[in-house]
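Please read it alongside the sequence and the coordinates.

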Amino acid sequence: MFPFFSYYATFVFFFLLLFVPTLPARNLRDPPTELTVDVRNNTWHDFIRFLDAEKGSRVSGMSELKKYFRRFGYLSIPNQNLTDFFDENFELAILQYQKNYGLQKTGKLDSDTMKEIMSPRCGVSDKNHTSHRLHATIHDKLFYGQPRWNRPSPMTLTYAFSPYYTIDYISLSSIRTIFKRSFARWSSVIPVNFTEIYNYPFADIKIGFYRGDHGDGQPFDGVLGVLAHASLPEEGRFHLDGDERWAVDFKQEKSKVAVDLESVATHEIGHILGLDHSTVKEAIMYPRINPRTKKVNLKIGDVEAIQALYGANPNFNFSSLYDSDFSSSWSPYMERKRLSKWTTFFRSWWFSFLFFVFMIA
Ligand SMILES: [Zn+2]
Ligand SMILES: [Zn+2]
């Protein structure tokens, strides 16, 4: 009996040992704050009916999806010529989209691609001014925008909030604080200062919350879908979708479709300064953000891009960037902390159990 238990215990030991590293690893892949998006409320929810469509198929309403691709820079056919037929041009557009976002290049509307398409995003096109791309070879994952503000040094840009186009469920003082912090993130890396003024028509950057068609040819679309858009230098048009449920603190704001105002503000300021979208998921200039997600820290690619336009703030150093990365709830540091807590738990539990098995064997 004794040898049997010994072999049995050895087998159990090695079998259980296989599971020890897999338990905390699963935890690593789970984003810490992301919730499942309630897509029923999403503007683009209807696109789900095009799932698994491929070249040669015809689905009623597909021209609407083609308009989406056109709007964000992947199709150049005029809207009136878009049909419900999945043709070669559309396949090429999907392939370009998949390439841009690191998806598997299937040329089909597979589930990963549809998930990306239906996520809420910035209204600025992904190909806004790529023909003016600068320094594309520095980091081929980033688009560098050429236009910039040209003002005497030291450069100060003014911003103001529209007194009419606003939201009433967040106080103006909270909105001011959020924007002050968002502007400060950019001015900490480039020699540009931002000052709030109260004379709206004279501000360089004009910020407002607008609903639906608001007269600039880029109508908003209700809850989720397009969240905001901003113009390139030196126009200063900064529009947020007034139909979103904006949040300044997710502990207070419980809506499943709430969008973090500070994350979107920080992103749009990048456009105001001249940046295009990045295809790097972690970058501030990545065009999509899920509800109830906060992403406010500039990443190295964002900093390189903006400094290519304006030069570096003399007080900036890259080590401070790493420090700020570590303060984010999305940072690898936090995940390591979570991992170590679970690792400790599982290791202590498993090893106590294994020790017990050995003792009784
Ligand atoms: Zn954008
Ligand atoms: Zn607008």
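## Backbone geometry and annotated sites

Pro154 is situated in the loop that links α5 (111-118) to β1 (155-161); helices (H or I, at least four residues) and strands (E, at least two) are DSSP runs numbered from the N terminus. The peptide bond between Ser153 and Pro154 is cis, with omega about -5°.

This is a predicted model, in which local features need pLDDT of at least 70 and side-chain atom pairs count only at pLDDT 80 or more, while totals for chains, interfaces and linings use all residues. Residues are numbered from 1 along each chain as its sequence is written, and chains are lettered from A and ligands numbered from 1 in the order in which they are written.

A cis peptide bond also joins Pro233 and Glu234, where omega is about 0°. Glu234 belongs to the loop between β4 (228-230) and β5 (237-241). Most peptide bonds are trans, and most residues other than glycine have a negative phi.

| Residue | Phi | Location |
|---|---|---|
| Leu224 | about 60° | loop between β3 and β4 |
| Arg292 | about 55° | loop between α7 and α8 |
| Gly311 | near 80° | follows α8 |

A residue is buried if 20 or more other C-beta atoms lie within 10 Å of its own, exposed if 12 or fewer, and partly exposed in between, with C-beta atoms placed from the backbone. Leu224 counts as buried because it has 26 C-beta neighbours inside 10 Å. Arg292 is buried as well, with 20 other C-beta atoms within 10 Å.

## Chain overview

The chain contains 10 helices and seven strands. Of its 361 residues, 32% are buried. Two residues are in contact if their C-beta atoms, placed from the backbone, lie within 7 Å. Among contacts between residues at least 6 apart in sequence, 70% join residues at least 24 apart.

## Helices

Helix α6 (residues 172-187) and helix α7 (residues 261-273) have axes that come within 9 Å and cross at roughly 45°. Axes are lines fitted to C-alpha atoms, for helices over the stretch in contact, and angles run from 0 to 180 degrees between N-to-C directions. The crossing of α6 with α7 is right-handed, that is, the near helix is turned clockwise from the far one by less than a right angle.

On the α6 side, the contact consists of Ile178, Phe179, Arg181, Ser182, Phe183, Arg185 and Trp186, which meet Leu261, Glu262, Ala265, Thr266, Ile269 and Leu273 of α7. These residues divide into eight nonpolar, two polar and three charged. Here Ala, Val, Leu, Ile, Met, Phe, Trp, Tyr, Cys and Pro count as nonpolar, Asp, Glu, Lys and Arg as charged, and the others, Gly among them, as polar.

In helix α8 (residues 300-310), the buried residues are Gly301, Asp302, Val303, Ala305, Ile306, Ala308 and Leu309.

Glu116 is placed in helix α5 and counts as partly exposed, with 16 C-beta neighbours inside 10 Å. Not counting residues up to four places away in sequence, Glu116 touches Tyr101 and Leu103. The C-alpha atoms of Glu116 and Tyr101 are 8.7 Å apart, with a separation of 15 residues in sequence.

## Annotated positions

An unreviewed UniProt entry places the feature "binding site" at Asp168 and Glu244. These two positions are spread over 77 residues of sequence but cluster in space, the largest C-alpha distance being 12.4 Å. The same feature name is given by UniProt (unreviewed entry) for Asp204. UniProt positions are given in the numbering used here, feature names are shortened, and annotations may be inferred rather than shown by experiment.

Asp168 occurs in the loop between β1 and α6 and is exposed, with 7 C-beta neighbours inside 10 Å. Glu244 lies in the loop between β5 and β6 (245-247) and is buried, with 26 C-beta neighbours inside 10 Å. Leaving aside residues up to four places away in sequence, Glu244 touches Val223, Leu227 and Val259.

Asp204 is in the loop between β2 (192-196) and β3 (205-210). Asp204 is partly exposed, with 19 other C-beta atoms within 10 Å. Its contacts, not counting residues up to four places away in sequence, are Leu157, Thr158, Tyr159 and Gly236.
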